[in-house]
Amino acid sequence: MKVVVQRSKEAHVTVEGKVEGQISSGLVLLVGISQDDTESDCRYAADKIANLRIFEDDEGKMNHSVLDKGGEILSISQFTLYGDTKKGRRPNFMNAAKPDHAEPLYVKFNEYLNEKGLKVETGVFGAMMDVSLTNDGPVTLIVES
């Protein structure tokens, strides 16, 4: 499992002009699931992300998590994170999970985040989406299971 984590001041996702998910301050997650991922990977990634200390304290040091700050999550499924660009000019997506494997794990990942007390908004799995955010910092990390 591979998740791009972006600290955000605000964000929203639209599908065909309709807002499907929207948050104020928190994290935007681009979530890629490989064919080898399991619920254990989802649990690990959710715990790691919920507790990452990437928000500043009063002294400007990254000492607070999204949980500490009462932040929100905008989670977007993103199979292209598993695009292999080593050969040729067209990405190879063989390592990305097929939808019937990826979607239940994506749902479970979001449930684990929600169980931690986080408000989780999502896009539409498998849809073409427009994601808009104000990246705070910018702070962008990659979490892999």
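Buried here means under 20% relative accessible area, exposed means over 50%, and partly exposed is whatever falls in between (1.4 Å probe, protein chains only). The structure is a predicted model, with local features needing pLDDT of at least 70, side-chain atom pairs counting only at pLDDT 80 or more, and totals for chains, interfaces and linings using all residues. Residues are numbered from 1 along each chain as its sequence is written, and side-chain values use heavy atoms, with hydrogens and water left out.

Now for the charged pairs. With a salt bridge taken as a side-chain nitrogen of Lys or Arg within 4 Å of a carboxyl oxygen of Asp or Glu, the count comes to six. One of them joins arginine 7 to glutamate 56, at 3.1 Å from N to O. This pair spans 49 residues, from strand 1 (residues 2-15) to strand 4 (residues 55-56); helices (H or I, at least four residues) and strands (E, at least two) are DSSP runs, numbered from the N terminus. Arginine 7 is buried at 3%, while glutamate 56 is partly exposed at 31%. Asp136 joins in too, making a salt-bridge network with Arg7 and Glu56.

Aspartate 47 pairs up with lysine 116, their closest N and O atoms sitting 3.2 Å apart. Aspartate 47 belongs to helix 1 (residues 39-51) and lysine 116 to the loop between helix 3 (99-115) and strand 7 (119-122), so the bridge ties together parts 69 residues apart in sequence. Both ends are partly exposed, aspartate 47 at 37% and lysine 116 at 33%.

Lysine 119 meets glutamate 72 at 3.5 Å, N to O, linking strand 7 with strand 6 (residues 72-77) across 47 residues. Lysine 119 is partly exposed at 38%, but glutamate 72 is buried at 15%.
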